[in-house]
Structures are given as structure tokens and as C-alpha cells.
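Please keep the structure in view while reading.

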Amino acid sequence: TKISKLAREKGLTKISKLASNENPLGPSPFAIKEMTLGLWETHRYPDMHAHALKQSLSRHYKLKPENIILGNGSEGIMAYIARAFLGPETSVLTSENTFIGFYILARSVGAKIVTTPLTEDFRFDVKAMAQAIDENTKVIYIANPNNPTGTYIRKDEFDYLMEYVPDHVLVILDEAYFEFARLKEDYPDSMDYRYDNVITLRTFSKAYGLSGIRVGYGFAHEELIQNLTKVKLPFEPNLIAQLGARGAIEDQPHLMRTLAINNQEYERTFKFLNELGLKPIPSITNFIMFHSGNEEASKWLFENLLNLGVIIRPLKANEMPEFSRVSLGTPEEMDHFEEAMLQIIKPFKEKFGDLI
């Protein structure tokens with residue numbers, strides 16, 4: 001694997017991967033059991049309608065199966081939306097500094113991308129977005145919480161924006177980090193709304209610890225789901241992904257452990273970054289964005305942590321070169337992160353301290 005190759009090349013005995021917002025506890029044992037049993041059936045095609053997984057999701061969220069679509073991760077469903085609704089004559093509206101995958105998909109079908117800046121506290125600016133809606137707007141994309149900032153729009157902000165969205169415009173609510181955010185009182189859980197032109201996207205890749213098998217799901221009005229199904233490739237998600245997701249959703253205690261550890265490590269890591277003077281941005285996810293200076297400083301920090309076996313994410317690709325992002329791992333991984341940071345913070349501050 002890339003991790004073992006890195007360890008060999010740098011002579012390291014320990015690698016802490018804190019760059020991709022994965023669940024450090026790994027998948028549920030229920031999910032592993034279902035996937036392992038499913039290996040004996042991999043000579044068969046999966047259920048192309050994923051009936052059993054849809055039934056599990058229906059029970060969990062109290063929805064009809066007709067309101068559910070599945071894909072290879074939530075990006076897979078975004079690809080269906082791009083095929084069904086976007087093209088060279090269409091425009092998509094979103095924010096700067098959000099999920100890179102959406103920009104790529106929109107550009108792949110020739111759609112025009114219109115963006116508004118983040119607010120001063122690094123959140124989607126719903127007032128600016130409302131003003132940017134025009135006759136060419138076909139899709140509005142909102143990552144809530146947002147990646148890479150970890151921030152979110154509130155219920156009152158979502159309500160404000162929807163007052164300005166025409167019925168023919170599709171709103172994508174990307175809630176990949178929903179499980180981490182759901183207990184925030186002012187977080188607009190999309191299941192509390194019933195807009196015919198809103199599709200909710202969620203995933204098993206983050207809190208459920210199934211990044212490696214790529215399974216996401218979407219909730220929307222039955223007619224919208226039917227239109228997306230027309231452009232969906234058959235047999236997505238695959239057999240093992242369907243089984244793993246079914247096992248994962250049945251193991252809510254595993255999810256609760258994940259959230260408890262995440263909350264614990266968030267408090268500790270946020271405080272640590274503050275004490276180092278790196279001004280972390282408050283987050284309701286399993287990652288924290290913090291100030292690292294500029295592109296050169298972010299690269300220096302990344303490379304020097306890498307030399308000590310810690311992998312974080314510089315945010316140049318998100319057009320935020322002055323920031324870096326660290327995912328929240330196990331207590332042992334966050335020990336490793338803190339130890340490595342303390343080893344390099346003095347030369348880092350001597351070189352780049354004036355930029356922070």
C-alpha cells in the first residue's frame with residue numbers, strides 16, 4: 001500500500017494518516033461479517049436495485065424506497081445529477097472553497113460554475129448566493145457541513161436561501177458529515193424538510209468507516225429519483241458495498257463510539273492548535289482547518305510532518321494555500337500528531353511565524 005511504501009522509504013515504524021477524514025476506528029464488525037460472507041457470491045452480479053440496502057435505509061430514516069438512490073459514494077450520485085441536469089448551456093451555483101469533486105463533475109459536462117466567496121468566518125454566504133441566482137441557474141450545490149472548512153449553514157440561513165430558489169432549480173445538500181453535525185440545534189437536518197427540488201446526499205465513507213468500498217445514498221422526491229435512475233449505470237453500488245453498508249447501518253453502537261472519540265479528540269486538538277498560535281477554525285466534523293501561513297509554509301509543514309510519519313492536508317487545491325487541514329484520528333494518532341508538531345513548531349515559527 002501507499003502507507004507501507006512511505007514507511008519503507010522514510011524508515012518509519014509508525015504512520016498516522018490524518019489527511020482524508022476517514023473513520024480511524026475502521027468499519028463495524030457487522031459490516032465486515034456481511035462483506036466476508038458476500039465474498040462467496042462475487043461470481044454473481046449484485047441486485048441492480050439494491051432492494052435490501054434500500055429497505056435498511058427506509059427503516060432507519062422512515063422513508064419509502066422510492067425516495068432513495070444509491071451510488072459509488074456520494075460523488076457517484078453527483079455524477080448522475082450532472083448527466084441528467086447539466087450541460088454546456090447550464091449554470092451551477094456554489095461557493096468558493098468547497099468540495100473539489102463537485103467542481104470537477106460540473107466542468108466535465110461543460111456547465112458554467114458560478115461561485116460566491118465564503119463569509120469572514122469561512123461559511124457559505126447564503127445572501128450572496130441568493131443574489132447570484134439567475135435564469136441560467138440549474139443546480140445549487142451546498143456542502144453542509146463544508147469540506148475543507150468544517151463550518152455549516154444554520155437553519156435560518158437555509159430557510160432564507162430557499163425563499164429565493166425557483167422550483168425548477170435543483171438544490172444539492174451534500175451532507176457527507178451529517179452524523180458528526182446532527183446534534184447541533186441550529187443545523188438544518190434535511191430530513192426535517194420536504195422540498196421537491198432538494199436532494200440530500202450522504203455517505204458510508206466517513207462516520208461509518210467504509211471509504212474503501214464507495215457507497216453513498218441520496219434522498220429526494222420520487223420523480224427526481226426516477227429521472228436520476230434513468231442515467232444511473234446498473235450494478236452500482238457493487239455487491240460487497242451493498243452488504244457492507246447494510247451491516248454498518250445496523251451497528252449504531254459502533255457509530256456512537258466513533259462520535260464519542262471524535263468529540264474527545266476534537267476538543268483536545270482544537271485546544272492544542274490554538275496554543276500553538278495556528279488559529280484553528282471551529283468545526284462540527286471530523287477534521288479541523290487551521291492557519292499555516294501561505295503556500296510555501298503549508299508545503300513546509302506538510303513535508304516536515306511527513307518525515308515524522310504524520311500525513312495532513314495542505315489546502316492549495318481548495319484555493320486556500322494559507323491553510324492546512326488535519327483529520328481527527330485515534331488518541332494514539334493524535335498523540336503522534338502532537339509529538340510531531342512539537343518537534344517542528346520552533347523552526348516553523350522562525351521561518352513563517354509572521355504569516356500566521
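## The largest cavity

The lining of the largest cavity consists of five nonpolar residues, five polar residues and one charged residue. In this classification Ala, Val, Leu, Ile, Met, Phe, Trp, Tyr, Cys and Pro are nonpolar, Asp, Glu, Lys and Arg are charged, and the others, Gly among them, are polar. The model is predicted: local features need pLDDT of at least 70 and side-chain atom pairs count only at pLDDT 80 or more, whereas totals for chains, interfaces and linings use all residues. Residues are numbered from 1 along each chain as its sequence is written, and side-chain values use heavy atoms, with hydrogens and water left out.

On a 1 Å grid over the protein atoms alone, a cavity is a set of points where a 1.4 Å probe fits but cannot get out, and lining residues have an atom within 4 Å of a point. The largest cavity has a volume of about 70 Å³, a volume being the space filled by probe spheres set on the points, which are joined across faces, edges and corners. Its lining includes E22, F180 and N286. Helix α11 (residues 252–275) provides the largest share of this lining, three residues. Helices (H or I, at least four residues) and strands (E, at least two) are DSSP runs, numbered from the N terminus.

## The second largest cavity

The structure holds two cavities of 30 Å³ or more. The second largest cavity contains about 40 Å³ of space. M78, I81, A82, L86, F102, L105, A106, V139 and I172 line this cavity, and the elements giving two or more residues to the lining are α4 (73–85) and α5 (100–108). What classes of residue are found in the lining of the second largest cavity? There are nine nonpolar residues, no polar and no charged ones.

## Two pockets

A pocket is an open set of grid points with protein on both sides within 12 Å along at least five of seven lines. The largest pocket has a volume of about 540 Å³. It is lined by 28 residues, of which F99, N147, Y177, K206 and R325 are the closest to its centre. By class, 11 residues of this lining are nonpolar, 10 are polar and seven are charged.

The second largest pocket holds about 340 Å³ of space. Of its 19 lining residues, M48, H49, K54, I68 and T229 are the closest to the centre. Helix α9 (222–229) gives the most to this lining, with four residues.

## Packing of helices

Two packed helices are described by the angle between their axes and the distance between the axes. Axes are lines fitted to C-alpha atoms, for helices over the stretch in contact, and angles run from 0 to 180 degrees between N-to-C directions. Helices α2 (residues 29–38) and α10 (residues 239–250) pack at about 155°, with axes 7 Å apart. The two helices α2 and α10 are therefore roughly antiparallel, a term for angles over 145 degrees. Residues in contact (heavy atoms within 4.5 Å) include F30 and M35 of α2 and L243 and G247 of α10.

Helices α4 and α9 pack at an angle of about 85°, with their axes 9 Å apart. They are therefore roughly perpendicular to each other, which applies to angles of 65 to 115 degrees. Their contact is made by Y80, I81, A84 and F85 of α4 and L224, N227 and L228 of α9. Six of these contact residues are nonpolar, one is polar and none is charged.

Terms used. Parallel < 35°, antiparallel > 145°, perpendicular 65-115°, else oblique.
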